There are 4 protein chains.
Amino acid sequence: MAEINIELIDSMGCDLTVANVARVSFNRWKEELDEGDVGLINYLARHAHTSPFRHTAITLSCKAPVFLARQLGKHQVGLSWNEVSRRYVDAGIEFFVPDNWRSRPDGSVKQGSGGVHSHSEYFSHEYQQFVVRCKDIYDEMIEGGVAPEMARMVLPQSMMVDWVWTGSLTAFFHVWRLRIDNHAQKEAQEFAQKLEEVVQPIFPHSWKALKNG
Amino acid sequence: MAEINIELIDSMGCDLTVANVARVSFNRWKEELDEGDVGLINYLARHAHTSPFRHTAITLSCKAPVFLARQLGKHQVGLSWNEVSRRYVDAGIEFFVPDNWRSRPDGSVKQGSGGVHSHSEYFSHEYQQFVVRCKDIYDEMIEGGVAPEMARMVLPQSMMVDWVWTGSLTAFFHVWRLRIDNHAQKEAQEFAQKLEEVVQPIFPHSWKALKNG
Amino acid sequence: MAEINIELIDSMGCDLTVANVARVSFNRWKEELDEGDVGLINYLARHAHTSPFRHTAITLSCKAPVFLARQLGKHQVGLSWNEVSRRYVDAGIEFFVPDNWRSRPDGSVKQGSGGVHSHSEYFSHEYQQFVVRCKDIYDEMIEGGVAPEMARMVLPQSMMVDWVWTGSLTAFFHVWRLRIDNHAQKEAQEFAQKLEEVVQPIFPHSWKALKNG
Amino acid sequence: MAEINIELIDSMGCDLTVANVARVSFNRWKEELDEGDVGLINYLARHAHTSPFRHTAITLSCKAPVFLARQLGKHQVGLSWNEVSRRYVDAGIEFFVPDNWRSRPDGSVKQGSGGVHSHSEYFSHEYQQFVVRCKDIYDEMIEGGVAPEMARMVLPQSMMVDWVWTGSLTAFFHVWRLRIDNHAQKEAQEFAQKLEEVVQPIFPHSWKALKNG
């Protein structure tokens, strides 16, 4: 069924922007990236002078389940988020379907999951039936004339959310850094990987510098 | 079952704080509120000089269903939010139970609900059975050793969320103003009313001035 | 001498972006602006649904005196600001020179100035001599080996500041709205006018809708 | 003459607040700090879980010269700032007077000053005369009926600013950490030291934990 997904809609700026902003002076605004600019970018990242990286913008079309969208939505400084409202829209309901089910970790408090559960297939089967039943009761309510803003109460937290997300390179790098961590939920790590695949090519030197910084 | 709820944990400042901050000068910091201070507070609110109202703080313990918590969580400027993480905690699952089910509105695009649905009782019955089944499959997963961060996928968006919320009078007034609107979902309006009941007594003159402003 | 100035460096998005974001769904992302989009933009502005306007970005090169830059710097939500640091850079010092000197307003508490002062020319003369003396003492310190971060203490608040400013249409419209107000300082109003001249052509329908909204 | 100064006006919360918020559950809200709470605070700081520290508030009355106030004003996430406006208030003008004048550093690009300049006394003398002249021309303008919002242009960037500053422990710790750095201007370091003297006694365990974290 539905998968975590990120697509690029638009962007402003490139590695050269970061270097130009760091120099501030409009008179010294360069047209082409050179070695010195790359050195400057590395210097900025290494010394946590992240403000020049903020003069960039990226707009993404994102799709993720509610439980993950709630986590991601906590990042707000420098980010704008617009999503389909289930108060009004009752069409296009999709559910996240995990490849397998992970077991509770033993020991570690910070790890959210252990390995694949030995009965993963059983739970997948149960889950598939469950989401069908959820959709059935939702559809019954909608067809019976219940307000969508109430009917959505029966939709599980694996329901997919579609949103447009805009922010600076700094903001999205911060999202990536926290979610790529191996203590993050596996689904969050997957989102972070896709985020890197989309953003890194637009700002290759800056992304590398921020990762090394 | 569970109800929308707000309890006051702590607060900083009062109406006099707002007037004192507006005067800025520490030498003119008054000890007791007088007529002139009330006049100043009204003036500030009427002319949208809201910055003095920001030098206050309120900490609340809140409880609301996921679908409402997601809306409220969008307010972030000047607000801090900490909630129980269902990645780790599998106890104390509660569901929101509406008093009745509202029908889809006819006509108005902005109104989310019409009146009480003629089959409200039927849907309440269906819903009660539904959440029991959700809890059963969640419990089966948890008892079977599935990681809580995955099992939560089967919990519906009516699941209650508990969080601690801290912000200034300005920030909470803004939440109140947007959610008390009659286009807001009825459950959001209920949250806004409870918010006013908790915050208004701490800053009676300021609250009144902001409402009139 | 130096004047308040704003130049466009880069931007992301246009009126169509606002309409597309409001629709959220990537499947309905249009390529060309039509009547319906303009209607949607007007609807959004009229009902204070400003979030779609945030998925845009504008980078400006700005120049203004310290006293004005300090006011403008208070706007921060959704804005990034990078300026030449006078801790390190001692070259290119410029001063703002007003066309004339305004008198203290009589009566109104909110108005910052009355009309042109009858001795405006005298004060212009005094001021010109004054800034020359400031520059002399600054240069004496710099040439004498005083640290620039200390020598800058003698530079008056009419010193020009150069900065790069990035933010969304929403953020810059907010700056404009507060500073175009006739209670704002005349120099702030001038900045606001120049801001409109730069931003309005990029988002003509949105700017008009926000002004009317 | 005037010195950098910070005085506590009000505060909300203590070390126990941080631990209670981290536990979230209102049922487990403790009344007294114990060993376990201190351990929890250290754990939070060590793992950069800084959100519980945000459910606190501190209001300070601050005084610093313009050039430093401009730096400090850049910290804005979670901070509110209200200052005396020199558009309207022309009384109480004070200037910062450094104990001595530092020379330009040799070599290091990041260090803003070297040691005490060999002619420090000479520059102090020059500076004292300079600020007197600034005040004279300002007074002449004010007495001559020039609008205060214009007359302030002749006030140097060593003019003292008085403001009320409110924010969470997290926000002020962040200010402290950036300004206590030995690359910060000496005056900024002095401000940071005074900030620590005021805030640390209110949250002794949290402050220590954040410093060690």
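Predicted model: local features only at pLDDT ≥ 70, side-chain atom pairs only at ≥ 80, totals over all residues.
A salt bridge here is a side-chain nitrogen of Lys or Arg within 4 Å of a carboxyl oxygen of Asp or Glu. C:Arg102 and D:Glu149 make one, with their closest N and O atoms 3.0 Å apart.

**Where chains C and D meet**

- Each partner is listed with its own count: chain D puts 59 residues into the contact, and chain C puts in 59 residues.

**Charged and polar pairs across C and D**

- Side chains with opposite charges can pair up when their charged atoms come close.
- Between chain D and chain C there are six salt bridges, and the C:Arg102 to D:Glu149 pair is a salt bridge between these chains.
- Polar contacts between the two chains come to 30 residue pairs, counting those with both residues at pLDDT 80 or more.
- Which elements of chain D give two or more residues to the side touching chain C? They are helix H3 (66-72), strand E3 (79-83), helix H4 (120-143), helix H5 (148-151) and helix H7 (186-199).
- H4(D) is the top contributor to that side, with 11 residues.
- Sorted by class, the side of chain D that touches chain C has 29 nonpolar, 15 polar and 15 charged residues.

**The sheet in chain D**

- Chain D has an open sheet of four strands, in the order E1-E2-E4-E3, with antiparallel pairing.
- Strand E1 (5-12) and E3 of chain D sit at the edges, each pairing on one side only.
- From one strand to the next, the twist averages 20 degrees.
- Within the sheet, strand E2 (residues 57-65) and strand E4 (residues 160-167) of chain D pair antiparallel over eight bridges; D:Leu60 stands opposite D:Trp165 in E4(D).
- Helix H6 (residues 169-179) of chain D packs on this sheet and touches E2, E3 and E4 of chain D, with its direction at about 135 degrees to that of E4(D).
- H7(D) lies across E1, E2 and E4 of chain D, at about 35 degrees to E1(D). H7(D) is also one of the elements giving two or more residues to the side that touches chain C.

**Chain A, element by element**

- Chain A has eight helices and four strands.
- Reading from the N terminus, its elements go β-α-α-β-α-β-α-α-β-α-α-α.
- The C-alpha trace of chain A spans about 65 × 45 × 25 Å along its principal axes.
- What is the strand order of the open sheet in chain A? The order is E1-E2-E4-E3, with antiparallel pairing.
- Strand E1 (5-12) and strand E3 (79-83) of chain A are the edge strands, each pairing on one side only.
- Ignoring direction, neighbouring strands of this sheet are turned by 20 degrees against each other on average.
- Strand E2 (residues 57-65) and strand E4 (residues 160-167) of chain A are joined in the antiparallel sense by eight bridges, and A:Thr59 stands opposite A:Thr166 in E4(A).
- Helix H7 (residues 186-199) of chain A runs across E1, E2 and E4 of chain A at about 35 degrees to E1(A).

**Salt bridges over all chains**

- The total over all chains comes to 52 salt bridges.
- One of them joins A:Arg102 and B:Glu149, whose closest N and O atoms are 3.1 Å apart.
- This pair crosses between chains: A:Arg102 is in the loop between E3 and helix H4 (120-143) of chain A, while B:Glu149 is in helix H5 (residues 148-151) of chain B.

Methods. Residues numbered from 1 in each chain as written. Chains lettered and ligands numbered in written order. Heavy atoms only, no water. Contact = heavy atoms within 4.5 Å. Polar contact = N/O pair within 3.5 Å; in protein donor to acceptor, adjacent residues only side chain to side chain. Nonpolar A, V, L, I, M, F, W, Y, C, P; charged D, E, K, R; others polar. Pairing = 2+ DSSP bridges. Axes fitted to C-alpha atoms, helices over the stretch in contact; angles between N-to-C directions.
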